[in-house]
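Good morning, and thank you for making time for this presentation. I would ask you to keep the sequence and the model in view while I speak.

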Amino acid sequence: VQLQASGGGSVQAGGSLRLSCVASGSFGSINHMGWYRRAPGKERELVADLALNGNTKYADYAKGRFTISRDNAENSWYLDMSTLRPEDTAAYYCHAWVYYSDSDRIIGAWGQGTQVTVSS
């Protein structure tokens, strides 16, 4: 599977962005998907997570401001971010646990980062 993230950019504080991730290639299903971020000088951290059953998990800073969603038909998922703050500046990465039916295995995959820069 290949994951392609897009939608990053530069916005002013208080602005909004929508990140998208599209999975392509040969696989059975996307079982679990999420977004992570890595700010300069910091470790990569979970932003939001969406399970196959619809359960979501958000980092505390993302609650109420960010929303993760998916489009199963398009093998895509999104991160809608609003009320952005300068501290949200980071490279954002999509991640998925992918089920391969031919091998009956679930393997993690990462997309490339998409940069979000929020200015004050």
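This is a predicted model: local features need pLDDT of at least 70, side-chain atom pairs count only at pLDDT 80 or more; totals for chains, interfaces and linings use all residues.

Let me begin with a question: which residues does serine 76 touch, not counting residues up to four places away in sequence? Serine 76 touches Cys21, Val22, Arg70 and Asp71, where contact means heavy atoms within 4.5 Å.

Residues are numbered from 1 along each chain as its sequence is written, and side-chain values use heavy atoms, with hydrogens and water left out.

To return to serine 76, this residue is found in strand E8, residues 76–81. Strands (E, at least two residues) and helices (H or I, at least four residues) are DSSP runs, numbered from the N terminus. Serine 76 is buried, at a relative accessible area of 5%. Buried means under 20% relative accessible area, exposed means over 50%, and partly exposed lies in between, with a 1.4 Å probe and protein chains only. The side chain of serine 76 also reaches the backbone oxygen of glutamate 74 at 2.9 Å. That is a polar contact, meaning a pair of N or O atoms within 3.5 Å; within protein, one must be able to donate a hydrogen and the other to accept it, and residues adjacent in sequence count only if both atoms are side-chain atoms.

Asparagine 75 has a phi near 50°, a positive value in a residue other than glycine. Its relative accessibility of 29% makes asparagine 75 partly exposed. In the loop between E8 and E9 we find threonine 83, which has a positive phi of about 50° although it is not a glycine. Threonine 83 is partly exposed, at 46% relative accessible area.

Cysteine 21 is joined to cysteine 94, with an S to S distance of 2.1 Å. Cysteine 21 lies in strand E3 (residues 17–24) and cysteine 94 in strand E9 (residues 90–100), so the pair ties together parts that are 73 residues apart in sequence. The torsion about the S-S bond is about 55°, so the disulfide is right-handed. Cysteine 21 is buried at 0% relative accessibility, and cysteine 94 is likewise buried at 0%.

Strand E9 also holds tyrosine 100. Is tyrosine 100 buried or exposed? At 15% relative accessibility, tyrosine 100 counts as buried. Its contacts, not counting residues up to four places away in sequence, are Val1, Ser26, Phe27, Gly28, Arg105 and Ile107. Tyrosine 100 and serine 26 are 74 residues apart in sequence, yet 8.0 Å apart in space, C-alpha to C-alpha.

I turn now to strand E5, residues 45–51. Five of its seven residues are buried, so strand E5 is largely enclosed by the rest of the structure. Strand E4 (residues 29–38) runs antiparallel to E5, and six bridges join them; two strands pair if DSSP finds at least two bridges between them. Within this pairing, glycine 34 stands opposite aspartate 49 in E5. E4 and E5 form a hairpin with six residues between them, and glycine 41 in the turn has a positive phi of about 80°. E5 also pairs with strand E6 (residues 56–58), in the antiparallel sense, over three bridges. Here leucine 50 stands opposite threonine 56 in E6. The hairpin of E5 and E6 has four residues between the strands, and glycine 54 takes a positive phi near 95°.

Finally, the protein as a whole. How many helices and strands are there? There are zero helices and eleven strands. Buried residues make up 42% of the 120 residues. Of the contacts with a separation of 6 or more, 54% come from residues 24 or more positions apart. Along its principal axes, the C-alpha trace spans about 50 × 25 × 25 Å.

Conventions. A disulfide is a pair of cysteine sulfur atoms within 2.5 Å.
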